[in-house]
Amino acid sequence: MKILFYNHTGTVSGAERVMAMILGPLDRARFTPVVVCPDQSPMMEMTRKLKVRTLGLQPLEARFTWRPTLIVRYLISFAAVIRSARSLVIKEAPDIIHANSIRAGLVMAAATLGLDMPVIWHAHDILPHHPLSTAVRLFAALSARNRILAVSQAVADRFRGVVLRPFTRRVPVVVIHNAVDLERFQPDEKGRAEIRNTLGLDATQPIIGIVGQLTPRKGQLELIKAFASVNKELKDVVLLVAGAALFNRDEEYAERLKSTATSLGIAERVRFLGPRDDIPILMQGLDVLVVNSHEEPFALTVLEGLSSGTAVLATSVGGTPEMIRHGADGWLVKAQDHEGLTKGLLTLLHDQELRHQLGTAGRREAIQRFSIKRFLGEVEQLYDSEVRTGSGSDRVATCVSTRSPRFDPVASAPGTDSIRPGA
């Protein structure tokens, strides 16, 4: 079975790392992958290192915006990429197309009009509340060849919205949770000691860490402000910020993070580590990993923290409650809640036994529910079912996931005190 994987951007981020989890161990005796992505890009370099045949295509310029001039520019970009993609698809003649984003799905669904091949839209993002989101849903419903693969139930529910509810049979939505490399991310006391020594930190010093792209939606700014409150009570605590600005005006945001730490008088306690290739070891050295996102489809960082046996404090948004049970294998707080975040950090930093319990349970959950073997098995089963059933409207609604979140953030009152451990 030949599968054409399409990635609309050359930047390597979370969605691209998930794609690598598929490409690396994919059974080459059964599946022949070919990757299409922007030429001479980090994405192309990554896939070629995986020994996958990779073809170049111009990058797609397209984002949700309210500015008419940008919308016109993005539509022109779509048209150009679609033309090139259609020629490439006809030449390659794959059995299935795996489009690695909603935007990639739009491109490939348009590029394959009139061609009888299923297009899997791998939805890694939660559709924003925007008129263009309705247009995306309607376009997905135009063809029964489209299948939506969502990384979480939260992503699936938002994608379906009200518009696609009548089209359950025509546009099936299936949820396959992401996975984590259990070998790379695992507890290791030796690694913990080594990374602390490398960073010049004491073996018993309380360390908080946040890992990921520097951008407002990841909530680094709010964490720095909460950390300032924590530092008033715990004088030797350190905050490690790992990651870099990647898109749009994020460089300005990164500078704002540093200036805020300085203005709050905690510049010596906050370390900006930049992009790193030793994140598994870094996580071993943390006492608490914070994922403070305003919205999160299904954060790989959460899975990596759980697998590392590190206590994870995360905001109860998007797909995160599908990974964490508050007080059982992690700690959940409401998004953009300064008091709740501060209390959560102090609770975990003051209670070593609680951190150990959460870390142990988190590692166990990662092994049981989020292994690459489980993930790849479900993805390969999806490929098999698409080829077996074809792309017509005879595909049944049983493909729609009925998984439900393990924690209801709406049911929780503000602050961590109102969320019962183990609930």
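**Notebook: cavity, pocket and helix pairs**

The model I am working from is a predicted one. The volume of the largest cavity came out at about 30 Å³.

I then listed what surrounds the largest cavity. Its lining consists of Ile 195, Arg 196, Leu 199, Leu 201, Ile 207, Leu 240, Leu 282, Gly 285 and Leu 286. I sorted the lining by class and got seven nonpolar residues, one polar and one charged.

**Second largest pocket**

Next I looked up the second largest pocket, which has a volume of about 550 Å³. I found 24 residues in its lining, and those nearest its centre are Glu 189, Arg 192, Leu 286, Asp 287 and Gly 309. I had already noted Leu 286 in the lining of the largest cavity.

I checked which helices contribute. At least two lining residues of this pocket come from each of H7 (189-198), H10 (279-284), H12 (338-350) and H13 (352-369). H13 gives the most, with five residues. By class, I have 11 polar, seven nonpolar and six charged residues in the lining of the second largest pocket.

**H1 with H2**

I turned to helix packing, where two packed helices are described by the angle between their axes and the distance between the axes. For helix H1 (residues 14-23) and helix H2 (residues 42-49) I read an angle of about 20 degrees, with the axes 10 Å apart. I recorded the crossing of H1 and H2 as right-handed.

For the contact itself, I listed Glu 16, Met 19, Ala 20 and Leu 23 on the H1 side, meeting Met 43, Met 46 and Thr 47 on the H2 side. The contact of H1 with H2 has five nonpolar residues, one polar and one charged.

**H8 with H9**

My last pair was helix H8 (residues 220-233) and helix H9 (residues 250-263). Their axes come within 10 Å and cross at roughly 5 degrees. I therefore put H8 and H9 down as roughly parallel to each other.

I noted that H8 brings Gln 220, Leu 221, Ile 224 and Lys 225 to the contact, while H9 brings Tyr 253, Arg 256, Leu 257, Thr 260 and Ala 261. I counted five nonpolar, two polar and two charged residues in the contact of H8 with H9.

Terms used:
Residues numbered from 1 in each chain as written. Predicted model: local features only at pLDDT ≥ 70, side-chain atom pairs only at ≥ 80, totals over all residues. Heavy atoms only, no water. 1 Å grid on protein atoms, 1.4 Å probe; cavity = no way out; pocket = protein on both sides within 12 Å on 5 of 7 lines; lining within 4 Å. Points joined across faces, edges and corners; volume = space filled by probe spheres on them. Nonpolar A, V, L, I, M, F, W, Y, C, P; charged D, E, K, R; others polar. Axes fitted to C-alpha atoms, helices over the stretch in contact; angles between N-to-C directions. Helix = DSSP H or I, 4+ residues; strand = E, 2+ residues; numbered from the N terminus. Left-handed = near helix turned anticlockwise from the far one by under 90°. Contact = heavy atoms within 4.5 Å. Parallel < 35°, antiparallel > 145°, perpendicular 65-115°, else oblique.
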